[in-house]
Each structure stands twice: as C-alpha cells, then as structure tokens.
Amino acid sequence: MHHEQVMDTCFSITMNGKSLQVRAGTTVAVAIVQSGSLSRHSVLGEPRQPLCGMGICYECRAQIDDLLHQKTCQILCRPGMKVATE
Amino acid sequence: MTESFDLIVVGAGPGGLAAAATAAEAGMRVCIVDDNPTCGGQIWRGTAGEESTKGTATKWLERVRDRVSVRSGWTAVDSVTGLGKWRGTLRTERDAQTRDICYSALVLATGARELFLPFPGWTLPGVYGAGGLQAFVKSGLDVSGKRIVVAGTGPLLLAVSAGLTYAGARIVAIVEQAPLSRLARFSLSLLWGHAGKLIEGAGYGWSTRGIPYLTGEWVNEASGDGHVQSVTVTSGSRVRDFKTDMLAIGFHLIANIELARLLNCVVETGFVCVDSMQQTSVKGIYCVGEATGIGGIEKALLEGQIAGFAAAGRLDRAKEMAAARDRRMRFARRLNSTFALRTELRTLARDETIVCRCEDVPNGSLRDCRTWREAKLHTRCGMGPCQGRICGPATQFLYGWDSPQPRPPLFPTDVSVLAEQWKEDARSSGIMATTES
Ligand SMILES: Cc1cc2nc3c(=O)[nH]c(=O)nc-3n(C[C@H](O)[C@H](O)[C@H](O)COP(=O)(O)OP(=O)(O)OC[C@H]3O[C@@H](n4cnc5c(N)ncnc54)[C@H](O)[C@@H]3O)c2cc1C
Ligand code: FES
C-alpha cells in the first residue's frame with residue numbers, strides 16, 4: 001500500500017535543459033526513452049538508445065548532475081536531477 | 001575503517017536473497033551488495049507484474065530486511081582473496097565512490113543476462129532486449145498502444161509478451177527460433193515431473209492467445225528511419241514483414257561469470273562449477289542461481305538456501321534440499337537444449353553490420369581474425385566500456401572464440417581506465433606501433 005502511494009508521486013527532472021515530469025520509481029534510462037531522446041551517438045555517429053536494461057551494455061550512459069558516463073538504467077530519477085545525453 | 005562480515009553476497013535476486021536470509025538466520029553477520037536501486041534481481045524488479053511470485057518475493061525481502069546489511073546501488077568491481085585474517089576483500093563502487101568490505105565467505109549470486117546476436121538493424125533505437133524492455137516497463141516505461149514484435153528464443157519471450165500485453169502493448173508476433181518439434185518435446189517433459197513449471201507455462205497462455213506464435217522462424221532484419229519501423233521475419237524459405245513500433249529481442253540467457261573468473265573459480269561451458277554444497281573450486285566462495293546454470297527461480301531459491309546453510313556450517317540442513325535442487329538442475333538442462341541456437345543465425349550479420357556496439361566494429365573486419373585477442377587488438381572489438389559483455393558472447397557464437405578474460409574494475413566508471421588497459425594489451429603483444437599510427 002505504502003509502496004503504491006510512493007509510485008504515484010510525480011516530480012520533475014531536467015532532461016537536456018528541459019523540464020520533464022516523471023513518476024517516482026522511474027529509472028533515468030526510462031525517462032530518456034520516454035522523452036524521445038537518444039542516450040548517445042556511437043563512435044561512428046549512429047543514434048543509440050538503451051538496450052539491455054540491466055547494467056551490461058552501457059548504451060544508456062549519460063551525464064547525471066556532475067557525473068559522466070552513468071549507467072542510467074540502474075539509477076532512479078530524483079527530484080531536480082539534471083540529465084544530459086550526448 | 002574497512003568493514004567486515006562473515007558472509008558477503010553479491011547479487012540480490014532470488015538466489016542471493018535466499019542465501020543472505022538463510023545465513024543470517026543461522027547466526028552469520030551478512031552483507032548483500034547489488035547494483036540495482038532496489039533488491040529483487042531480474043524477476044522481482046520494481047513493483048509491476050509477476051503477480052504469481054509476489055508473495056514469495058515479499059517473504060524473502062522481509063527476511064533479508066531485518067537481518068542483513070543491504071547495499072543497493074553498489075557494484076562489486078573487484079575482489080582479492082587470501083589477505084590475513086579475512087579470506088578476502090570485495091571492492092564496491094557507487095557514484096564514483098569506492099568502498100572495500102572484508103569477508104570470511106562469499107556467495108556469488110550474479111544471475112544472468114540476455115544473449116544478443118547481431119543482425120542488420122539491431123542497433124536502431126526502438127530495438128531493445130526482450131528482458132530489457134520488460135525491465136524498462138517495470139521501471140516506468142509506458143508502452144500502452146505500442147505495436148511490439150517479441151523475438152529470439154527462450155521461455156522469456158512468453159513471459160515478456162505477457163507482461164507487455166498486461167501493460168497495454170499490442171504484441172504483433174512472437175518469433176521463436178526453436179522448431180516446434182523441439183518445443184513440443186519440451187512441454188511433454190514438463191508434464192513428467194515439473195507440475196509447477198507446467199502451471200507457470202499455462203499462466204502465460206492467457207495473454208499469448210490470439211497472437212501469432214511463430215516457431216522455427218527468426219528476425220533477419222530491422223529497418224526504419226532513425227527508429228525501428230518494420231522487421232523482416234523468415235523461416236529460411238518464407239519471408240514476411242511486420243510493421244512495428246518496437247522490437248524486443250533476446251536469445252535466451254548467459255550467466256554473469258565475470259566476478260567468478262576474476263576470483264579464479266573454475267568455469268565450464270559458461271557456468272561456474274560448484275559441488276553439492278554450492279561451493280566453487282575456491283574454498284569459502286559459493287555460487288548460486290543462474291550463474292551455475294540457467295534454471296529459473298525455484299532452482300535459485302534452493303541453491304541460495306543450500307549455500308546459506310553450508311556457509312553457516314549447517315550441512316545437515318543444506319543436504320535436506322539437495323534432491324529438490326538436483327531435480328531443478330535436470331529441468332534446466334532440458335530447457336537449455338530445447339532452445340539451442342540454429343546455425344542460420346550465424347549468417348544474419350552482413351559485412352557492414354556492427355558487432356561491437358561500443359566501438360562500432362563491423363562484422364566484415366572480424367572475418368580475418370582468428371581469436372578474440374587478435375580481434376581486440378586489430379579492430380578494438382570488445383575494448384569499449386561493456387568490456388565485451390555483449391560482443392564477446394556474440395563472437396563466441398559467430399566465430400567460436402573464447403570469451404574475454406575479465407579484469408578489474410569489472411564495470412568501469414572511468415573511461416580513461418580502459419584506454420590504459422588497451423595500451424597495456426597492445427604493448428604486451430608488440431603491436432603498439434601499428435595500432436597507434
Ligand atoms: C532480463 C531477464 C528477465 C527475466 N524475466 C523473467 C520472468 O519474467 N519470469 C521468470 O520466471 N524468470 C525471468 N527471468 C529469469 C529469472 O530472473 C531468474 O530465474 C531468477 O531471477 C534467478 O535469480 P538469480 O538470483 O540467479 O539472479 P538475478 O535475478 O539475475 O539476480 C542477480 C543480481 O545480481 C546483480 N549483479 C550481478 N553482478 C553484480 C556485481 N558485480 N555487483 C553488484 N550486483 C551484481 C544483478 O544486477 C542482479 O540484480 C529473467 C531473467 C533475465 C536475465
Ligand atoms: S541499458 Fe544496458 S547498461 Fe543500461
């Protein structure tokens with residue numbers, strides 16, 4: 001019961017400079033996909049999005065606040081968090 | 001000051017949770033480390049879905065919460081053994097901070113990941129791992145109204161399709177590469193001694209009804225402009241197209257054995273070898289769950305309890321569970337032979353198809369390499385941040401190369417570390433001059 005209440009709370013994060021509403025419990029990788037952003041461009045410039053969802057492939061890596069190359073599929077959104085994809 | 005525990009468990013899926021709870025209840029001081037934001041592993045991730053096992057999940061999570069020191073969001077990146085009073089030290093990392101923890105005994109419950117095979121279009125946005133997409137939905141992704149093709153191989157495709165349907169997606173087709181003849185034998189073998197599994201299989205039936213379940217077929221191309229829009233499915237002779245918004249694809253599971261290999265535990269055919277008490281070839285280091293053989297949640301729970309009792313010296317209790325564990329293990333073997341990969345899948349990647357997604361290495365440049373090491377040094381295949389976790393198993397299937405030897409840190413957060421490792425590799429093989437020019 002308590003858990004469901006927490007899940008229903010919404011807050012905003014900043015995704016590439018724009019404000020984005022997310023539900024508590026959303027991972028940053030999901031926020032990236034949901035916002036229609038790419039997580040990165042590959043070495044040859046191909047567009048990429050998260051693949052494995054479990055911390056293995058690194059396709060979801062992005063900058064969170066001051067930390068570069070964070071595996072966003074294993075990090076939950078926090079209110080006010082700033083995410084920058086490539 | 002470095003903390004120390006009687007037992008550290010790496011991985012908080014069913015196997016790890018069972019080991020931690022059991023050992024703690026038997027009086028050990030236990031710590032559990034897992035890289036996800038919450039405990040539960042692959043199956044008990046988040047709150048959505050998996051109604052059938054929710055009760056079991058709650059039970060194990062509660063048993064752990066009160067007695068075990070839980071380190072969620074921490075990744076085990078290295079471990080050394082044989083240091084003085086304690087058997088070993090585990091190095092963990094989170095948000096670029098490092099913490100070492102000492103242990104007398106260690107349980108590896110690192111689970112499994114999906115196998116991905118390269119085919120034209122597999123790097124397009126909108127192509128996700130099957131379990132990957134399931135994980136995204138469990139962590140908040142809205143797929144309602146989306147058309148999704150689910151493809152690859154394994155029972156996971158059915159579980160994922162059920163979950164996606166429940167979340168409001170429209171499954172266009174489920175494409176299973178294993179032939180119907182083999183799948184039929186599998187169901188029959190389920191009837192023989194695994195009633196529980198059979199019920200689980202039937203449970204997925206409700207949502208797969210009315211959806212084409214294509215067997216003996218596979219996706220040979222995904223295409224679209226900047227995002228997947230259609231996939232081509234073939235049986236070898238017949239070819240057809242499906243319009244879709246997403247492709248969820250995975251070729252069954254492979255064990256996460258990197259930490260075990262780093263600790264010099266013996267590994268055979270991709271799985272960590274253990275004795276009847278779940279102990280690896282290294283004394284005091286145990287391994288449970290998918291890492292010892294892909295076999296599902298009940299096997300993981302039994303093995304976890306056995307390891308927990310064994311580590312606590314309660315061998316009598318551990319032995320009581322051995323027979324049930326062995327039955328699960330036999331089921332696991334049948335499961336894996338049912339979903340053996342067909343050789344046609346080796347021919348899907350064209351010359352220009354990317355094999356190593358981190359470094360964008362195309363298949364054509366790998367054809368002349370004889371070993372993984374050679375490929376690495378000449379093409380940078382496997383040199384990116386995933387350290388060959390995706391392309392290593394793929395090239396093992398495509399070219400028969402041995403999987404890469406893991407090295408610390410197991411999951412790099414600092415990309416410069418990799419550049420240094422690469423230089424070291426190149427230097428030790430004497431090809432620095434050619435690759436650096
Ligand atoms: C993607 C995926 C989806 C699945 N979906 C289903 C399903 O829908 N239904 C079903 O019946 N079965 C499913 N399975 C199988 C089921 O998850 C397993 O049978 C069960 O979870 C086995 O548990 P385990 O304890 O062995 O490992 P897991 O549940 O895989 O747990 C291992 C944990 O260890 C963590 N870990 C690994 N390495 C490290 C490290 N170095 N440091 C810190 N933490 C680490 C992982 O992130 C993970 O949380 C799925 C498996 C996968 C891989
Ligand atoms: S999606 Fe693969 S590591 Fe995050």
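Tutor: Start with accessibility: a residue is buried under 20% relative accessible area, exposed over 50% and partly exposed in between, using a 1.4 Å probe and protein chains only. A:Asp65 is partly exposed, with a relative accessible area of 34%. This is a predicted model, in which local features need pLDDT of at least 70, side-chain atom pairs count only at pLDDT 80 or more, and totals for chains, interfaces and linings use all residues. Residues are numbered from 1 along each chain as its sequence is written, chains are lettered from A and ligands numbered from 1 in the order in which they are written, and side-chain values use heavy atoms, with hydrogens and water left out.

Student: Where is A:Asp65 found?

Tutor: Helices (H or I, at least four residues) and strands (E, at least two) are DSSP runs, numbered from the N terminus. A:Asp65 is found in the loop between E5 and E6 of chain A.

Student: What should I look for in the backbone angles?

Tutor: Most residues other than glycine have a negative phi, and most peptide bonds are trans. A:Asp65 is not a glycine, yet its phi is positive, about 50°. A:Tyr58 is not a glycine either and has a positive phi of about 65°. The loop between E4 and strand E5 (61-64) of chain A holds A:Tyr58.

Student: Is A:Tyr58 buried or exposed?

Tutor: A:Tyr58 is buried, at a relative accessible area of 3%.

Student: Which residues does a cis peptide bond join?

Tutor: The cis bond joins B:Pro408 and B:Pro409, with omega about -10°. B:Pro409 sits in the loop between helix H12 (391-399) and helix H13 (415-429) of chain B.

Student: How do I read the interface between the chains?

Tutor: The size of an interface is often given as the accessible area lost when the parts come together. Buried area here is the accessible area (1.4 Å probe) that two parts lose on being put together, summed over both. Between chain A and chain B it is about 3200 Å², and carbon and sulfur atoms give 60% of that. Contact means heavy atoms within 4.5 Å; 37 residues from chain A and 39 residues from chain B take part.

Student: How many salt bridges are there between chain A and chain B?

Tutor: A salt bridge is a side-chain nitrogen of Lys or Arg within 4 Å of a carboxyl oxygen of Asp or Glu. The count between chain A and chain B is 2. A:Glu59 forms a salt bridge with B:Arg357, and their closest N and O atoms are 2.6 Å apart.

Student: Which elements of chain A supply at least two residues each of the side that touches chain B?

Tutor: They are helix H1 (2-8), helix H2 (28-34), strand E4 (47-48) and strand E6 (67-71).

Student: What about polar contacts?

Tutor: A polar contact is a pair of N or O atoms within 3.5 Å; within protein, one must be able to donate a hydrogen and the other to accept it, and residues adjacent in sequence count only if both atoms are side-chain atoms. Between chain A and chain B, 15 residue pairs are in polar contact, both at pLDDT 80 or more. The side chains of A:Gln49 and B:Tyr128 are joined by a polar contact of 2.8 Å. A:Gln49 lies in the loop between E4 and E5 of chain A and is buried, with a relative accessible area of 7%. Not counting residues up to four places away in sequence, A:Gln49 touches residues including A:Glu59, B:Pro125 and B:Arg357.

Student: How is a nonpolar core read?

Tutor: In soluble globular proteins, nonpolar side chains tend to be buried together. A nonpolar core is a set of buried Ala, Val, Leu, Ile, Met, Phe, Trp, Tyr and Cys residues joined through side-chain atoms within 4.5 Å. The largest has 73 residues, of which B:Ile8, B:Leu108, B:Val231, B:Leu247 and B:Leu259 touch the most other members. Strand E6 (residues 97-108) of chain B gives the most to this core, with 4 residues. Another core, of 35 residues, lies apart from it, with B:Ala21 and B:Met321 among them.

Student: How much of chain B is buried?

Tutor: Buried residues make up 57% of its 437 residues. Helix H11 (residues 372-379) of chain B is mostly covered, with 6 of its 8 residues buried.
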